[in-house]
Amino acid sequence: MIKVYGIKTCGSVRKALKFFKDNEIDIEFIDIRKNPQDCKTIDRWLKDVDINTLFNNKGTKYRQLGLKELNLDADGKKEWLCKENMLLKRPIIEFDGKTIVGFDEDRYKELFL
C-alpha cells in the first residue's frame with residue numbers, strides 16, 4: 001500500500017493526490033496535522049532521504065518560527081521536525097520500503113505506472 005503523508009491544503013500534496021486518483025492508484029492518506037508523526041517515523045524516512053530534502057526551509061512555518069537565524073545543522077533540523085511536522089516537505093510517500101519527498105510527475109510515472 002502506498003502511503004501519502006501531507007496536508008490537503010498543500011499544493012504539492014493536492015497534485016500528488018490528483019495523480020494517484022487520475023491513474024486509479026489506491027493510496028492511504030495520512031494528514032500530518034491531524035496525525036503528527038514521531039521521531040521514529042522521521043528516522044525511517046531519513047534512511048532514504050537527506051535531511052535537507054525532508055526539511056522545508058521555504059514554508060510558512062519555517063518563517064514564523066524564525067529558524068533561518070538559528071543556522072540549524074542536521075541534528076537541529078531533525079529535532080525541529082520531530083516537534084513540528086509542518087516543517088516537513090510534502091508530500092512524503094512511502095511504498096515498497098522506500099520514501100520519496102515532493103511532487104515530480106515524471107518520477108511518479110516512472111515509479112507508479
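Figure 1. E94 is buried, with a relative accessible area of 10% (buried means under 20%, exposed over 50%, and partly exposed in between, with a 1.4 Å probe and protein chains only). The model is predicted: local features need pLDDT of at least 70 and side-chain atom pairs count only at pLDDT 80 or more, while totals for chains, interfaces and linings use all residues. Residues are numbered from 1 along each chain as its sequence is written, and side-chain values use heavy atoms, without hydrogens and water. R44 is partly exposed, its relative accessible area being 37%. A salt bridge joins the side chains of E94 and R44, at 2.7 Å from N to O (the criterion is a side-chain nitrogen of Lys or Arg within 4 Å of a carboxyl oxygen of Asp or Glu). R44 belongs to helix α2 (residues 39–46) and E94 to strand β3, so the pair ties together parts that are 50 residues apart in sequence. Helices (H or I, at least four residues) and strands (E, at least two) are DSSP runs, numbered from the N terminus.

**Figure 2. Strand β3 and its neighbours.** In β3 (residues 92–95), I92 and E94 point one way, I93 and F95 point the other way, and all are buried. In a regular strand the side chains alternate between the two faces of the sheet. Strand β1 (residues 2–6) pairs with β3 in the antiparallel sense over three bridges (pairing requires at least two DSSP bridges between two strands). V4 stands opposite I93 of β3. Four bridges link β3 to strand β4 (residues 98–101), also in the antiparallel sense, and I93 stands opposite I100 in β4. The hairpin of β3 and β4 has two residues between the strands, and D96 there takes a positive phi near 45°.

Figure 3. Strands β1 and β2 (residues 27–31) pair in the parallel sense over five bridges. F29 in β2 is the bridge partner of V4. From β1 the chain crosses through helix α1 (residues 11–22) to β2, a right-handed β-α-β crossover (with the strands pointing away from the viewer, the path from the first strand over the helix to the second runs clockwise).

**Figure 4. Salt bridges within helices.** The count of salt bridges comes to four. One of them joins D22 and K18, with the closest N and O atoms 2.6 Å apart. Both residues lie in helix α1, four residues apart, about one turn of the helix. Another joins E105 and K109, at 3.8 Å from N to O. E105 and K109 are four residues apart in helix α6 (residues 105–112), and about one helical turn therefore separates them. E105 is partly exposed at a relative accessible area of 40%, and K109 is partly exposed at 40%.
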